[in-house]
Every structure is written in structure tokens, then in C-alpha cells.
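Subject: Structure handover

Hello,

Here is the structure I promised to pass on. Please open it beside this message; my notes follow below.

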Amino acid sequence: MTKKKEVFKPLKGKTVKIFVCGVTVYDYTHLGHARTYSFYDTLVRFLRYSGYKVTYLQNVTDVGHLTEDTGEDKVERKAKQEKKHPLEIANFYLENHLQVVDRLKLLRPDILAKATDHIKEITEQVETIIQNGYAYVVNGSVYFDVSKFRDYGKLSKKIPKELKAGARVEINVDKTDPHDFVLWIKATLEHVLGWSSPWNEWGYPGWHIEDTAIALKYFGSQYDIHGGAIELAFPHHEAEIAQAEATTKIKPYVKYWVHSGLLTINGQKMSKSLGNFIRVFDALENHSPETLRLWIASTYYRKPLDYNEKDLEVARKKVEKVRITLERIKENYTKARRKEYFSDSIKKLKKEFLDAMNDDLNTPLALTKFFEIISLVNKNIDNNKFSKSDLKLAEDTVLEFGNLFQIISEVKKKEMPKEVMDLIKRREIFRKIGNFAAADAIRDEIKEKYGIIVEDTKEGIKWKFVE
Ligand SMILES: [Zn+2]
């Protein structure tokens with residue numbers, strides 16, 4: 001709102017309420033969504049890591065989001081095209097979205113609220129806005145009167161005069177001012193999803209009011225963070241402020257607005273008409289979730305992010321490096337020396353990492369520090385200069401920080417070294433002839449030398465690495 005960095009201070013102690021605009025469920029989840037939700041995932045994880053108690057709320061738009069060209073309801077239009085019920089369409093794409101959420105290792109929001117489950121809250125809020133004098137009814141539809149809300153434009157920094165000058169030719173002629181926006185839309189019975197209201201027999205909510213009604217229900221009149229992609233700042237978020245503050249008369253509705261940047265494909269805007277529209281599942285066929293997450297985190301969240309194979313390849317290699325480093329750490333515990341070599345350097349880099357994250361989520365800088373830790377560990381392993389505590393600190397730090405971005409890929413199951421296999425065979429011979437002292441000595445040798453614990457079970461010999 002102030003267009004400058006501020007010290008983050010939640011409204012109440014260490015609790016953070018964050019609302020992020022959810023998907024409109026009429027099509028597959030695409031790479032732009034992947035960027036947006038990966039960023040907010042890291043934000044939520046980092047707040048929790050920093051000791052905040054976070055409630056993460058997202059809405060799901062299953063009605064009322066109108067197309068820019070014809071002003072049709074997006075979900076209804078798709079349903080008509082595919083000859084299905086709108087809720088069937090909505091459920092199908094929501095299911096697809098949640099699969100993407102899980103594949104990308106995004107946290108599911110604590111509350112996922114569908115607009116169609118909150119019609120009562122929405123109509124109540126529209127009534128309050130009318131009563132408070134900020135909305136009017138024309139031909140059964142309800143519009144927010146922008147001229148009555150003096151602060152309109154305070155988020156996007158567009159003043160009403162500019163708004164008027166830049167107004168597009170409007171499809172809807174009922175509105176007094178082109179920038180007034182619809183709160184409740186009167187519909188014909190052809191619109192499958194509809195509800196009766198004080199203003200008409202059959203209608204449905206506008207897109208903007210859904211978010212506000214949902215946030216007010218779960219968070220109350222004020223909350224800490226509202227997130228979404230930058231293209232939602234105007235008019236969507238501007239409208240949200242107007243609706244909420246016109247309802248509660250409490251300012252500010254949201255303490256911090258956070259907007260994530262655009263996504264481009266090879267330098268071009270992603271769009272269906274350009275034929276470069278990439279669904280997340282398409283991208284996952286060529287790239288692992290960890291690679292996508294690292295690629296996303298490598299660009300500062302407010303800058304445009306470009307999808308191109310070169311950058312993806314860089315990310316893939318880095319993910320692999322993290323995996324190999326974690327394996328190397330595990331393998332080297334038994335070769336550790338007593339003297340501590342690089343724990344202090346890691347502690348310093350840890351602090352620099354956290355400083356970068358605390359500076360408006362500067363993830364590219366934080367990742368630079370993260371990979372300095374990775375290099376440091378590898379260099380010291382190469383030179384045989386490490387203690388157990390060095391390795392432990394390095395391992396914990398890599399896991400801890402890596403998980404903020406979900407870039408740790410599964411460490412492949414390790415194979416038992418051949419020498420250990422031979423020792424186990426020898427041990428078996430001693431056991432068979434009853435020389436348990438010799439068998440135990442070999443078991444101790446395996447543990448000491450290789451960090452492997454051999455266990456005799458009913459199913460035969462089992463082994464595991466020393467933790
Ligand atoms: Zn929204």
C-alpha cells in the first residue's frame with residue numbers, strides 16, 4: 001500500500017492471518033499459478049519457520065468470475081461448451097488444481113473456501129453495503145458506487161479521474177460510472193448456478209465480493225496479509241478494499257498487500273492465443289517438482305519470471321547438487337575427525353541466508369547463501385576436514401532451508417558397499433560354527449568402519465545406517 005518496505009508487525013502478537021486469491025476453477029492449473037502459489041507457500045513456510053502461528057486461507061471461485069470479452073461466467077461458459085453441469089466443471093478443475101498443489105509440494109491452505117458455499121455471507125454483505133450507502137440497485141443487479149468511496153484507488157495508486165479517462169467501453173449500460181463494479185448479478189434461469197436474493201429471484205455474486213465475504217467470515221474485519229498475482233491489484237484488490245471498508249468502516253482492511261510478478265514463456269506473455277500456454281502437468285513431464293520450485297525461487301518474487309529450458313536446466317543441476325551433497329554428508333559421518341572445521345562459517349552463512357529472507361523475501365540472494373553452504377561442505381569433505389558436528393550442522397541447515405522451497409529431492413536408497421557384504425558373509429560363517437565372539441567383533445567392525453548396523457532378525461539379516 002505504501003509502496004515501500006516496512007517492518008512486518010502482525011496485528012496481534014505472533015499470529016498471522018494470510019489470504020491468497022485462489023483459482024477460478026474453469027481450466028487447468030498453469031505455470032503462472034505454479035509461480036504464484038509456490039511463492040506464497042514459501043512465505044507461509046518462512047513465517048512458520050520464524051515462529052509465527054499462521055492461518056492460511058484461500059478462496060475458490062466457482063461462480064461469478066466473468067470473462068473480459070463477453071461478460072459471461074467463466075465456469076458456466078465452459079459447462080455449456082462441454083454440456084456439463086457447472087459444478088461438475090468446477091469440481092473437475094479443483095481436483096486437478098489440488099493434484100498440482102500436492103505434486104508441487106505446496107502446503108494445502110488451512111481453509112479452502114468455495115464461493116458457492118458462502119452465498120449467505122455474500123448476500124448479507126451486499127445488504128450491508130447498500131444500507132451503508134455505497135451501493136445501488138439497477139434492474140435487479142447491485143453495483144458498488146465508486147464515487148462514494150473516497151479511498152478508491154489507494155492501493156493501485158490510480159485516482160478516480162485517471163480511472164475515468166482510461167475507462168474501457170462498457171458492456172453493461174446499467175452502471176452509473178464505468179468503474180462501478182457488480183456485487184450481485186441478476187441472471188436468467190439459463191444461468192444454472194443461481195440463488196434468490198432481496199434484489200431478484202435468480203442471481204449470483206460478482207467475483208470481487210466473494211473474497212471479501214469469505215475473508216470477513218474467517219478472519220474478521222482486519223487481517224495481516226493479502227496476496228495474489230500482480231494483475232489482480234486492479235481492479236480486483238482495489239474493489240476488495242472498497243467493499244470491506246464500506247461494510248465494516250474499519251481501516252485498513254488488510255495490513256500488508258503482497259503481489260507476485262508475472263510469468264513469461266521464453267520472454268513472451270503466456271496466453272492461449274499465442275499457443276504457449278503451459279499447464280503445470282505438462283511442465284512436470286519434463287521437470288521434477290523440485291526443479292520447478294528451485295527455478296521459481298531463483299527469481300525475486302516481484303520481478304517477472306521467465307520459463308525457458310536454459311534456466312530450467314540450471315535449476316535441475318542445482319537440485320541434483322543438493323541431493324548429492326546430502327548423500328555425501330551421510331556417507332562421511334564415520335570418517336569424521338574430532339576437530340571442528342567449518343561450523344562457524346556455516347553459522348555465518350545461515351545468518352546471511354536469514355537476513356536475505358527477512359529482507360522482503362529475497363529468495364535469489366538467500367539461495368546464493370544456501371549454495372555457498374553446499375560448496376563449503378563439499379570442499380571440506382574433499383579435503384577431509386570435518387567433524388561429526390560440522391556434518392550434522394551442515395545437514396540440518398541444508399534440510400531446514402531447502403524445505404522452505406521444497407527443493408530437496410528424495411535421496412536414493414543406498415547400496416551396501418561390497419566390503420561390507422564380504423564381512424557379513426564371514427560373520428555368518430562364525431555364527432554357524434558357534435564362534436559368537438568373532439561374529440560380534442565383525443559386527444562392531446562394520447559399525448565402526450562403515451557406520452552400518454547389522455541386525456539378526458527372523459526374516460534374516462537386516463542393516464541400516466547409523467543415524
Ligand atoms: Zn481474489
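Let me start with helix 15, residues 436-450. Its 15 residues reach 21 Å from first C-alpha to last, close to the 21 Å expected at 1.5 Å a residue. Bear in mind that this is a predicted model.

Which residues of helix 15 are buried? They are Ala-439, Arg-443, Ile-446 and Tyr-450. Down the axis of helix 15, the buried residues fall within an arc of 75°, so they line one face of the helix. An α-helix has 3.6 residues a turn, so residues three or four places apart point the same way. The buried residues of helix 15 pack against helix 14 and against strand 13 (452-457). The face turned away from that buried side carries Ala-437, Ala-441, Asp-444 and Glu-448, which are exposed. Just after helix 15 comes Gly-451, with a positive phi of about 70°.

Helix 14 covers residues 418-432 and includes Glu-419. Is Glu-419 buried or exposed? Glu-419 has 11 other C-beta atoms within 10 Å, so it counts as exposed; the cut-off for that class is 12 or fewer. Glu-419 and Lys-249 lie 170 residues apart in sequence, and their C-alpha atoms are 75 Å apart in space.

Now the whole chain. It has 467 residues, of which 40% count as buried. There are 15 helices and 14 strands. Along the principal axes, the C-alpha atoms fill a box of roughly 95 × 50 × 40 Å. Take the contacts with a separation of 6 or more: 74% of them join residues 24 or more positions apart.

The domain assignment gives domain 1 (15-269), domain 2 (315-405) and domain 3 (418-465). Taken over C-alpha atoms, the centres of domain 2 and domain 3 are separated by 33 Å.

Next, the core. The largest nonpolar core has 110 residues. Ile-18, Val-126, Ala-135, Phe-144 and Leu-183 have the most contacts inside it. Helix 1 (residues 31-49) supplies the largest share of this core, nine residues. Where does this core lie? Domain 1 and domain 2 both give residues to it, so it lies between them.

Ile-18 is worth a click. Beyond its neighbours within four places in sequence, Ile-18 is in contact with Val-44, Val-54, Tyr-56, Leu-57, Asp-224, Ile-225 and Gly-227.

Three strands form an open sheet in the order 11-10-12, with mixed pairing. Strand 11 (268-269) and strand 12 (305-307) are the edge strands, and each pairs on one side only. Strand 10 (residues 263-265) pairs with strand 11 in the antiparallel sense, over two bridges. Thr-264 stands opposite Lys-269 of strand 11.

Last, helix 2, residues 74-82. Its buried residues are Lys-74, Val-75, Glu-76 and Ala-79. Helix 3 (86-103) is included in what covers them. Just after helix 2, Lys-83 takes a positive phi of about 50°.

Over to you.

Best wishes

Technical notes: Residues numbered from 1 in each chain as written. Predicted model: local features only at pLDDT ≥ 70, side-chain atom pairs only at ≥ 80, totals over all residues. Helix = DSSP H or I, 4+ residues; strand = E, 2+ residues; numbered from the N terminus. Buried ≥ 20, exposed ≤ 12 C-beta atoms within 10 Å, placed from the backbone. Contact = placed C-beta atoms within 7 Å. Core = buried A, V, L, I, M, F, W, Y, C linked by C-beta atoms within 7 Å. Domains from an automatic or database assignment. Pairing = 2+ DSSP bridges. Expected span 1.5 Å × (residues − 1). Arc of directions from axis to C-beta.
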